Amino acid sequence: MPLQALRTIAKPQNGVGAFILQCKRLDFHYCDWAGSSRGMNDFIKNQLPAFARQNPSIEISVSPRPGRHPVVIGHYMNGRIKPICVRKLDQLQILNKVSLLKEASGEKLKRVTKPVKSVNESVRGVWSPFHGKEMYKV
Amino acid sequence: MRNVRAASQALRLAGESPRQQYVCRACLAQASRQFHTSPKSLAEEPWWKRMRESVFGSEKSKKAEQSREDKRQKKLEDVAQRPKGELEQRTGARGVDYVVAEVVDTYTHKDYVSSQTWDGLEMIGSEEWVRKRADMGEQYKGFLARKQTQLTNSQWQRLLHHITVEVLTLKKAGHNVMNVCNPRNDGDIPQIANVTIQVKDGKPTLKYENGVDQQSVLSAIDPTPEAPVDEKSLQQELRNATTSSTELPENIQWMAFGLNPTEKLAILKRAMQLTGKRIPDPAISNVRTLTDLYNALKIKEKPKKLAQDPKLDQLKSMGNVQVHATRRTPVHKDKELGRWKLIEDELKIRNLPVFGTNYAGAKLNVVKR
């Protein structure tokens with residue numbers, strides 16, 4: 001049986017070929033009475049219909065939580081959730097927070113220090129002292 | 001010397017470190033009272049004089065005592081001059097007649113034995129006293145309707161229109177406006193709904209139309225009632241006032257006129273008599289116009305919930321949106337996933353509470369925030 005080269009299988013990467021939004025669900029909680037929910041109530045009335053129309057892949061749930069500050073909770077593909085308290089915010093500020101939740105991957109935030117991050121192997125390979133043209137001398 | 005000692009004690013108390021033994025407030029106050037920075041010579045009265053007054057009484061108190069004694073003597077003389085058995089009668093501030101108890105002079109009545117106990121005396125504020133006072137034979141007439149009637153806002157408008165027309169007609173004819181609460185005469189019922197109230201410069205005028213005139217309105221009201229109003233006729237009067245084929249005015253501009261206190265009382269009293277609805281005293285005192293009265297009486301709109309807002313209809317119709325009117329609980333989540341049935345069954349098998357706790361007194365000490 002002739003020797004076959006190893007076949008590299010393409011690893012799935014979100015955004016290469018297809019992009020699946022990682023935010024799968026957004027919960028909007030408000031209070032009918034409290035003043036801190038005024039902006040949230042305006043947002044639900046004025047901004048949310050357009051947002052829901054633009055993002056049909058996100059499941060949206062609106063429910064009251066009497067006597068509590070308004071919260072937007074994002075649920076992600078990796079099983080994590082991200083809640084943001086939007087007390088006293090106006091509707092446009094809440095829209096920014098919601099788009100932030102929508103675009104988040106669900107991962108914990110990490111500091112990025114390297115300019116490039118890749119999952120691909122290096123084309124050049126790993127250097128070895130035994131495989132050069134000449135023996136490596138120290 | 002004593003003052004100096006007291007002053008030094010006060011200063012010592014004030015200046016001592018907090019590690020010292022506790023000194024009660026009374027002792028501190030006593031110490032500070034005895035401490036004077038002004039010299040004794042500046043005191044209005046010398047110490048010995050004040051002490052003498054506190055023990056034997058001042059000139060002023062002696063005079064007051066003498067005056068009381070003189071009055072008592074004068075009263076005894078008056079009693080002696082009065083025929084035996086006759087008691088003094090006095091009329092109080094509100095026109096109530098009082099009989100003043102007999103004054104007995106223990107010096108002149110040698111057989112008088114003063115009481116050693118309080119048996120037989122009237123105990124003010126006792127339970128028996130309250131019961132006696134409550135039933136002194138007064139005949140109270142029931143005024144409010146026994147059963148409160150719930151009216152819609154349009155019915156309130158009709159009723160207030162009806163009563164206001166009657167009150168203004170009585171006023172115009174020079175009658176007592178409080179007669180509006182009198183029973184109605186049997187006979188033709190005037191169609192008061194046909195009367196229009198026109199408001200010009202904050203003053204109302206009545207425009208009688210369609211066979212209703214001032215006389216017909218007045219003749220329906222009994223000016224000198226002999227019997228109190230009965231419940232059945234009141235209910236009939238309420239039905240007459242609130243049901244009419246005449247359309248209501250488009251707005252409540254006809255109510256925008258000021259009421260004087262008598263008119264306000266008459267309208268409110270009649271409304272209370274017919275419907276049994278009461279409004280709080282502060283609301284009554286804030287009523288200046290008929291509009292205010294209507295606002296106080298009408299059904300208050302409940303604050304609107306966001307879930308019922310018509311702007312959310314579009315949102316509700318979207319496929320990816322769920323709008324809930326009530327709070328979502330973990331039980332809802334379990335129900336959506338379909339595992340609630342299992343949880344419930346397992347809890348029941350283990351004799352555990354499905355919701356909350358099985359202990360009856362669990363929420364007794366819960367302080368509601």
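Guide: In this predicted model, helix α6 (residues 153–172) of chain B packs against helix α8 (residues 231–242) of chain B at an angle of about 105°, and their axes are 8 Å apart. Angles of 65 to 115 degrees count as roughly perpendicular, and α6(B) and α8(B) are therefore roughly perpendicular to each other. On the α6(B) side the contact is made by B:Gln155, B:Arg158, B:Leu159 and B:His162, and on the α8(B) side by B:Leu238, B:Ala241 and B:Thr242. Sorted by class, the contact of α6(B) with α8(B) has three nonpolar residues, three polar residues and one charged residue.

Chain A has a helix pair that can be described in the same terms. The axes of helix α1 (residues 38–46) of chain A and helix α3 (residues 91–103) of chain A come within 8 Å and cross at roughly 75°. These two helices, α1(A) and α3(A), are therefore roughly perpendicular to each other. From α1(A), the residues making the contact are A:Gly39, A:Met40, A:Asp42, A:Phe43 and A:Asn46; from α3(A), they are A:Gln91, A:Ile94, A:Leu95 and A:Val98. By class, the contact of α1(A) with α3(A) has five nonpolar, three polar and one charged residues.

As for the annotation, an unreviewed UniProt entry places the feature "domain: Ribosomal protein/NADH dehydrogenase" at residues 32–105 of chain A. Over residues 32–105, chain A is 39% helix and 23% strand.

Next, the interface. Here 22 residues of chain A are in contact with 19 residues of chain B. About 1,600 Å² is buried between chain A and chain B, and carbon and sulfur atoms give 56% of that area. Of the area that chain A buries against chain B, A:Asp32, A:Lys45 and A:Val62 supply 28%, more than any other three residues.

The rule finds one salt bridge across the interface of chain A and chain B, while the count over all chains comes to 10. The side chains of B:Asp309 and A:Lys45 meet in a salt bridge, at 3.9 Å from N to O. This pair crosses between chains: B:Asp309 is in the loop between α11 (290–297) and α12 (313–316) of chain B, and A:Lys45 is in helix α1 of chain A. Helix α1 of chain A thus links the two topics, as its axis crosses that of α3(A) at roughly 75° and its residue A:Lys45 pairs with B:Asp309.

Technical notes:
Residues are numbered from 1 along each chain as its sequence is written. Chains are lettered from A and ligands numbered from 1 in the order in which they are written. This is a predicted model: local features need pLDDT of at least 70, side-chain atom pairs count only at pLDDT 80 or more; totals for chains, interfaces and linings use all residues. Side-chain values use heavy atoms; hydrogens and water are left out. Axes are lines fitted to C-alpha atoms, for helices over the stretch in contact, and angles run from 0 to 180 degrees between N-to-C directions. Helices (H or I, at least four residues) and strands (E, at least two) are DSSP runs, numbered from the N terminus. Angles under 35 degrees count as roughly parallel, over 145 as roughly antiparallel, 65 to 115 as roughly perpendicular and the rest as oblique. Contact means heavy atoms within 4.5 Å. Ala, Val, Leu, Ile, Met, Phe, Trp, Tyr, Cys and Pro count as nonpolar, Asp, Glu, Lys and Arg as charged, and the others, Gly among them, as polar. UniProt positions are given in the numbering used here, feature names are shortened, and annotations may be inferred rather than shown by experiment. Buried area is the accessible area (1.4 Å probe) that two parts lose on being put together, summed over both. A salt bridge is a side-chain nitrogen of Lys or Arg within 4 Å of a carboxyl oxygen of Asp or Glu.
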